[in-house]
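Me: I am new to this structure and would like a close look at one part of it. Please take me through that part slowly, and set it in its surroundings.

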Number of protein chains: 6
Amino acid sequence: MIETVRMAEMSWPEFAERVKHDPVVFVPCGAFEQHGPHLPLSVDILLPTGVCEAVAQRTQGMVAPALNYGYKSMPKTGGGPHFPGTLNLDGATLSASVRDIVRELYRHEIRKICFIVGHYENQWFVTEGIDLAMRELGPSALRVMRLEYWDFFPPELTDKVFPGTHPGIMLEHAAIMETSCMMHLHPELVRVDLIPDNPPADFPPYDVWPAHKEWVPSSGALTSAKAATAEKGRLMMEHYARAIAEAAQGEFG
Amino acid sequence: MIETVRMAEMSWPEFAERVKHDPVVFVPCGAFEQHGPHLPLSVDILLPTGVCEAVAQRTQGMVAPALNYGYKSMPKTGGGPHFPGTLNLDGATLSASVRDIVRELYRHEIRKICFIVGHYENQWFVTEGIDLAMRELGPSALRVMRLEYWDFFPPELTDKVFPGTHPGIMLEHAAIMETSCMMHLHPELVRVDLIPDNPPADFPPYDVWPAHKEWVPSSGALTSAKAATAEKGRLMMEHYARAIAEAAQGEFG
Amino acid sequence: MIETVRMAEMSWPEFAERVKHDPVVFVPCGAFEQHGPHLPLSVDILLPTGVCEAVAQRTQGMVAPALNYGYKSMPKTGGGPHFPGTLNLDGATLSASVRDIVRELYRHEIRKICFIVGHYENQWFVTEGIDLAMRELGPSALRVMRLEYWDFFPPELTDKVFPGTHPGIMLEHAAIMETSCMMHLHPELVRVDLIPDNPPADFPPYDVWPAHKEWVPSSGALTSAKAATAEKGRLMMEHYARAIAEAAQGEFG
Amino acid sequence: MIETVRMAEMSWPEFAERVKHDPVVFVPCGAFEQHGPHLPLSVDILLPTGVCEAVAQRTQGMVAPALNYGYKSMPKTGGGPHFPGTLNLDGATLSASVRDIVRELYRHEIRKICFIVGHYENQWFVTEGIDLAMRELGPSALRVMRLEYWDFFPPELTDKVFPGTHPGIMLEHAAIMETSCMMHLHPELVRVDLIPDNPPADFPPYDVWPAHKEWVPSSGALTSAKAATAEKGRLMMEHYARAIAEAAQGEFG
Amino acid sequence: MIETVRMAEMSWPEFAERVKHDPVVFVPCGAFEQHGPHLPLSVDILLPTGVCEAVAQRTQGMVAPALNYGYKSMPKTGGGPHFPGTLNLDGATLSASVRDIVRELYRHEIRKICFIVGHYENQWFVTEGIDLAMRELGPSALRVMRLEYWDFFPPELTDKVFPGTHPGIMLEHAAIMETSCMMHLHPELVRVDLIPDNPPADFPPYDVWPAHKEWVPSSGALTSAKAATAEKGRLMMEHYARAIAEAAQGEFG
Amino acid sequence: MIETVRMAEMSWPEFAERVKHDPVVFVPCGAFEQHGPHLPLSVDILLPTGVCEAVAQRTQGMVAPALNYGYKSMPKTGGGPHFPGTLNLDGATLSASVRDIVRELYRHEIRKICFIVGHYENQWFVTEGIDLAMRELGPSALRVMRLEYWDFFPPELTDKVFPGTHPGIMLEHAAIMETSCMMHLHPELVRVDLIPDNPPADFPPYDVWPAHKEWVPSSGALTSAKAATAEKGRLMMEHYARAIAEAAQGEFG
């Protein structure tokens, strides 16, 4: 009996058996990027992987190995490239990786692919990779989704998760949402004692090169993460799993 | 006496003279994309060009020729590729164009460049082009900005511009903002009799390939543009010019 | 009633209506390059645009937005890269732009495309872009032309346009032909008082890197433009329009 | 106190602290490729990751996130592309990923990088990625190694590990070496009951396209893996760790 | 004593010895393209190689291995792609080859490089390759020339070489010039009995895709080659050698 | 009567005639790389060309022009990039060349192509070029082989060719095999008086960047070539011709 959703744990005959049932393959699109003093550099890999696995379990799907590196961290959404440990890919590299993966999954009879993005800056280059593959493959039965899991955040949880006046989802980098989800999924990787409590960053409505480091709070968290709890993480992850599974089933049948 | 801000109207000695005063070069980043039955396919070229010229006049800057083609129109922000006339570039083509322009302006002693994006989907590939050029040029005195002009929309104008319950700036494609600005800047290109009045599109929080045409209102406008007026356009354009000029001066001195 | 030939002035339904009649789409392939002290940097955009519009009017065609940037200016044909304001694209960038435009026009049911080149150095990279698109699209009903408008210069006009011993069309950069055409089409952009009268450049039969600036007349015009008149411009433009329309009709039916 | 060698478990301040001691960064270069009916598709990710971690522990080094996808599986070394689940990258995609990672680690003051390849077909494209980065970075203090861990197999273990007449290391795909190492490192992922016992593949000295599937044993293992044991895996892994640590210290000091 | 000019016949110490004298390296830029029924497919390799060797002998230079493949044959200059045996490279492939060769020669202390083009269609992609290398290498002592050898054809030979009313050098594909030069340099490869005598092709001033085969004489020669003689070939080759050597010495000292 | 196997000596009608018989086209994949003080820089071009011609003669095949430049020389197999005269291509350049040649031969109805590699470092980039072409062409009757000729070295010749304890085929760079084959095929290019007699190089099982020059014997030969003889060269070349012809016929029929 096959139980895992991780393709990485399947042998080729197990994978082949699964493919017969026309599963959705979920691909975690991560990045290696600073997430404050309290979270590991791999948050953007771990969270979409967690979402992918939870969704795959609900939908008889499979999870492909994560894209461990992502597009360039920008100050206003990820703190920017200057933080130690942030490793950025060129856009073309990320798009080519996505294109190759779509092409190869298709070659193995996969007809339903869902890229779950865990790093804001990835989305357009993942989009381009999907588009390049779709064009190359021509008209086919292949269908592809791409989503950023936090876009499924339910308005009804806003008050429960974000205390007081929340500065908005755009600043939720290494803040309440990501910290809570990590406390739920990977508590051993969260340094609770180091959770930052800086006020929200206040960015102007443009980007500059070279980046202004002083725009970004020195912690790397774009707003306070103090209100994070594992329970909030559980609530959110469960909601993401349910809502994304529903969306995938709606699209893929 | 030199009066124009358009580099396209300068001879090389005029350009050379201007460069001595260390001006900001503004580059309109457009696209060729459907904008409903009432607006021309070139809205995303004309509006950032208008913004660039107004800002350049306030800042002794110059305006480079527009990038007339842009990144792929997406259903949720531009209606998508299926509308007749929408001509999309690959991401790498747009990024390469931006990179080449930065490199060349730098070669001619320009040290202040500001890309003003008029097409939502462009922003990440313009970003990548800037980053590729900055890396290639190495440490230098060059500073570059990139902005989407609508991000300078002033909250204090919200009630004046958008009647009743506004569905949000994300649906402002071929809607009140763009229609008003076109009525102000290029009234001869607006078919007032054809301004659409469809209800706002209701998009799910993900993208799919192949695109679902039925997600997008058949007009191509993502929400009603009925409340558009030239006066609103004038208000917005004046504000954009003032606010962006201020931001540019703040950054570039 | 639809009257314009400019796609930039059409809405998507107007474009769609036009496409039903299987029109030729003309694409002006320009550049941003020095053209002496008397002409603006945009001559290579403006002239092929003018030709495209005139030809489109005679053939029920349409004109796409211009490619505003072109391949690298060479000393022997355009004065070279060192003149202030000359902004060059890499060959691959230009070819990719052309390829993308062909692909996209084809996607919208256009089957007749004509690239009209206004910058000598563009022609091979436009050629490559067309060829890459044709190969990608595979066997189809698509037909594409590419032409440099000055190759339609009629021998019978030689004596009328070029006084005395003319040094040849290869030196006609910012000289009699381009100056006359600009005086006809855009007189407000010609500084008649600054028309240069330098003797023709005398180039050896090879190119060198780094370029020798001293090969090129300091004005940037490769020979005297003194004999330019608006009337000559009118004569030439009319001939180009007529002859190119005839060629397009001959090829496209 | 910092104990992990995994960069994925470090926060940015922890990473920054580590970098001060000039550590070697080890990068596992994996692939997603069939490994017989008894091993998971991720063997080429898991084994070099295991080697990297063991070497890093001995050398105060750090381990970067793995490259989870690799170059195209070839019949004679990996069974080839036709086996279900084998997902191949284009060579340029892999080289670009490696180049980007070298560039980024260098940007963060890393001066010692060691790519440990776990998939035979990767080596030349990893090589190219390193070379492209070195050229781009110019003369610097950066030093890079690349190795395939099995090249450190000690001749003195040959008799102990490989029974009777061994067909050679080139056929060690999903065979004794990899199976033993997996039994040692990840026993829960080995289906001992399904270990294949087919005779060694007999390949001609050339490759062909399209590939001949009949060249490859139907199990996907290129020779029998029956003699695999966890103890052999332990012996080999310990030797690899020791020998590679020694080589790294010899090179990097 | 070193006597050969061919780098292909030198050992590395011989090459190193030569480099000390700061020689010009001449690179034949060929193509594999139909040249009528009487000439081999390698004419565009053999003739620039012959020119390179003759010039190198006069200038103490060296000749690098030829680029055996070139850019796409066009109907109006080479007969076009449809003739059996014509093998075309993409423009980017040719430019990359040239860029790599410049970069590598520079790495070996070569400071004077001259590309001698034997295939009309090559010139712009060779140009681009040189330009890409020059930019990458940055300011340096490197100087590069590029020339098409036939541009050194001396007007004073016109009457002697071309009988009667000559249709112009643009039609000299597989015609008098190339045939004569081949009769002089490689008489064993010329089928004198098959020299074509078709009238000159009459091309319109534009290109089309797909190509019109009927534009091109069925022989592949763009005009009659009947008047070719080995003596004419000798005259031309001697002149090319002398004139190009002089130009190279003028530029490189 | 057609006698040559060299496509370079055929006219287009001769090539067309040959194609009717569905021949194999053999493509020599060379490099320009140091081969000790006694052999020319072109050994890796000359030997696979010799093999291709001999095999083509036995199989009614044809030989395409050689790829004269190859992938980067590595210390452990070719001595490395630092030896004067070694000119390296980027991997992408070589792969693109191979891809273009496959595509073009296919366009001319060639359905059997065999790349014969004469430079160890080429093989993976030739592989990638073939794979890219196969994918682009889609399902077809095209079949392609790639081989390194020395992999056909017959065990039964080992004792005859290699005296005493041979250090292995990996060190056979500029050593007995290549020197003997050159003495047989191109004796005029071998400086017998300079044949090196250094002991075999002793490489560690990894590569490093920047390369350690001191790893490589100063001669550039990776082991002694003293035992080379023309007779050994004849034996090997005859065997290669026979065995590769047999393999090609086995594959292509």
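**A helix and its surroundings**

Reply: In chain A of this predicted model, 79% of the contacts between residues at least 6 apart in sequence join residues that are at least 24 apart. Chain A has 8 helices and 7 strands, and 62% of its 253 residues count as buried. Its radius of gyration is 18 Å, which agrees with the value near 18 Å that a compact globule of 253 residues would have, while its C-alpha atoms fill a box of roughly 50 × 40 × 30 Å along the principal axes.

Turning to the neighbours of chain B, a rotation of 180° with 0.0 Å of shift along its axis superposes chain B on chain C, with an RMSD of 0.0 Å, and that is the relation of a two-fold axis. Within chain B, the C-alpha nearest this axis belongs to Thr93(B), at 3.0 Å from it. The same surface serves both copies, since 100% of the contact residues of chain B recur in chain C. Chain B and chain E, by contrast, are joined by no contact, and their closest C-alpha atoms lie 9 Å apart.

Terms used:
Residues are numbered from 1 along each chain as its sequence is written. Chains are lettered from A and ligands numbered from 1 in the order in which they are written. This is a predicted model: local features need pLDDT of at least 70, side-chain atom pairs count only at pLDDT 80 or more; totals for chains, interfaces and linings use all residues. Copies are superposed by least squares on the C-alpha atoms of residues with pLDDT of at least 70 in both. Two residues are in contact if their C-beta atoms, placed from the backbone, lie within 7 Å. Helices (H or I, at least four residues) and strands (E, at least two) are DSSP runs, numbered from the N terminus. The radius of gyration is taken over C-alpha atoms; the globule rule is 2.2 Å times the number of residues to the power 0.38. A residue is buried if 20 or more other C-beta atoms lie within 10 Å of its own, exposed if 12 or fewer, and partly exposed in between; C-beta atoms are placed from the backbone.
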